[in-house]
Amino acid sequence: MKIVAIEVCPLTGATVDGGWPQGHEPQENLHTLLIVRTDEGLSGYGSCFTSGTLVTGAIELLWPLLRGESAVEPERVSETLRQASFWQGRGGAVEHAISGIDLALWDLMGKACSQPVSRLLGGNYRQTIKPYGSILFDEPEALSKTLTSVVERGFKAIKMGWRPFGRRDRAFDERLIRTARKTVGDDVELMVDAGGSEQFWPHGTNWARNTASMLAHYGIVWFEEPLPPDDLAGYIELTRVSPVPIAGGEVLTRRQSFQPWIEGRAFDIVQPDCTKNGGLSESRRIAWSAFDHNMLVVPHGWNTAVGLAADLQFAAAIPVARYVEYLTPSAYIEEIVAEPFQIDEAGYLAIPNRPGLGIELDPDKLKRFCPQPIVFR
């Protein structure tokens, strides 16, 4: 089975604000879907956490290497693309595009084998997993309303992230956390994402350690990105003393970038993003390295339906996976699939057991967000 075409689908019209200083408008493009087509009529879906313009440029670079390749050898093909683009890749948009291709090839292999990707990744350690609703911090009253709406949608775990947390003073930060805990009660798990990968993050290990102590008082499950994403020494020091588990790694790409963080035990929880770090092939290698170093794995997923589906398959096949991120509300998750994801009464998602990633996109719904795909043949 050979690859004969790839469609690049920049998603616009429903972009969720990511919390960055400039904010984001719905018409902006942060996510791009890929559809890889084969000579036997099968199609595979991939997702990239980067804009369509960058993905298109990367596919222009990679397409001569990808055209005619096997559609059912994801690890070899993805690694070949990575090695062949060594001088123009090693991260950034090229690796993000390889990530989307890799997801699509795993989807294709699963469909060709009539097996869910989780089984092809090694087998199922679980059939369900808890999603956490991923939202932005806000002013206390607005935050309380948002949290209430997320609980009403069935989530039993919620992560709050980015502004205004960590941008004013300690008293205000604690007010936000106190408001959140009071709103959801003790039966809903809460996580905090400081958003330390924001531009010119001002805080160091002392702030993070003291903030972690405050978060522990409110039963926060983990403290994510409390430091700039390149501060390896700071993370190692913080993780050693923090009373709350420290999570990070979402900005890293390629397995080699994760090695010093895992070997140095810079996190308690490793957060690979399969839509940017090299796909399921790289995420699987990263996760087993984390397992060998006694770390938990929670995939980062500021994502699309395709990315969520990939995270579900990934989480099923990794013994130390505990949650998946579920950006909510998001039209790119809930309004492009033929069959929507459903959270059960216990707050869990069933991991699809259909072939491939286990989902199908609705072509008519997808046209709303990507009316004109860019096709490479």
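**Figure 1. Strand E2 in the predicted model.** Strand E2, residues 32-38, is mostly covered, with 6 of its 7 residues buried. The structure shown here and in the other views is a predicted model. On one side, E2 is joined to strand E1 (residues 3-10) by 7 bridges, and the two strands run antiparallel. Within this pairing, Glu7 stands opposite Ile35 of E2.

**Figure 2. The pairing of E2 with E3.** Strand E3 spans residues 43-48 and pairs with E2 in the antiparallel sense over 6 bridges. Val36 has Gly44 of E3 as its bridge partner, and Leu33 stands opposite Ser47 in E3. E2 and E3 form a hairpin, with 4 residues lying between the two strands. In the turn, Gly41 has a positive phi of about 90°.

**Figure 3. The crossing of helices H1 and H3.** Helix H1 covers residues 52-66 and helix H3 residues 92-113. Their axes come within 9 Å and cross at roughly 65°. The crossing of H1 past H3 is right-handed. On the H1 side, the contact is made by Leu54, Val55, Ala58, Ile59, Leu61, Leu62 and Leu66. H3 contributes Ala93, Val94, Ala97, Ile98 and Ile101. By class, the contact of H1 with H3 comprises 12 nonpolar residues, with no polar and no charged ones.

**Figure 4. The surroundings of Ile98.** Ile98 lies in helix H3 and is one of the residues through which H3 contacts H1. Its relative accessible area is 0%, below the 20% cut-off, so Ile98 counts as buried. Leaving aside neighbours within four places in sequence, Ile98 is in contact with Leu62, Ser78, Leu81, Arg82 and Ser85. Of these residues, Leu62 belongs to the H1 side of the contact between H1 and H3. The C-alpha atom of Ile98 is separated by 30 Å from that of Ile158, which is 60 residues apart from Ile98 along the chain.

Figure 5. The structure holds 0 disulfides. Cys274 is in no disulfide, and the nearest cysteine sulfur, that of Cys48, is 10 Å away. With a relative accessibility of 1%, Cys274 counts as buried. For Cys370, the closest cysteine sulfur is in Cys9, at 3.9 Å. A disulfide requires the two sulfur atoms to be within 2.5 Å, so the sulfurs of Cys370 and Cys9 are too far apart for a bond. Cys370 also counts as buried, at 5% relative accessibility.

Methods. Residues are numbered from 1 along each chain as its sequence is written. This is a predicted model: local features need pLDDT of at least 70, side-chain atom pairs count only at pLDDT 80 or more; totals for chains, interfaces and linings use all residues. Side-chain values use heavy atoms; hydrogens and water are left out. Buried means under 20% relative accessible area, exposed over 50%, partly exposed in between (1.4 Å probe, protein chains only). Two strands pair if DSSP finds at least two bridges between them. Axes are lines fitted to C-alpha atoms, for helices over the stretch in contact, and angles run from 0 to 180 degrees between N-to-C directions. A crossing is left-handed if the near helix is turned anticlockwise from the far one by less than a right angle, and right-handed if clockwise. Contact means heavy atoms within 4.5 Å. Ala, Val, Leu, Ile, Met, Phe, Trp, Tyr, Cys and Pro count as nonpolar, Asp, Glu, Lys and Arg as charged, and the others, Gly among them, as polar.
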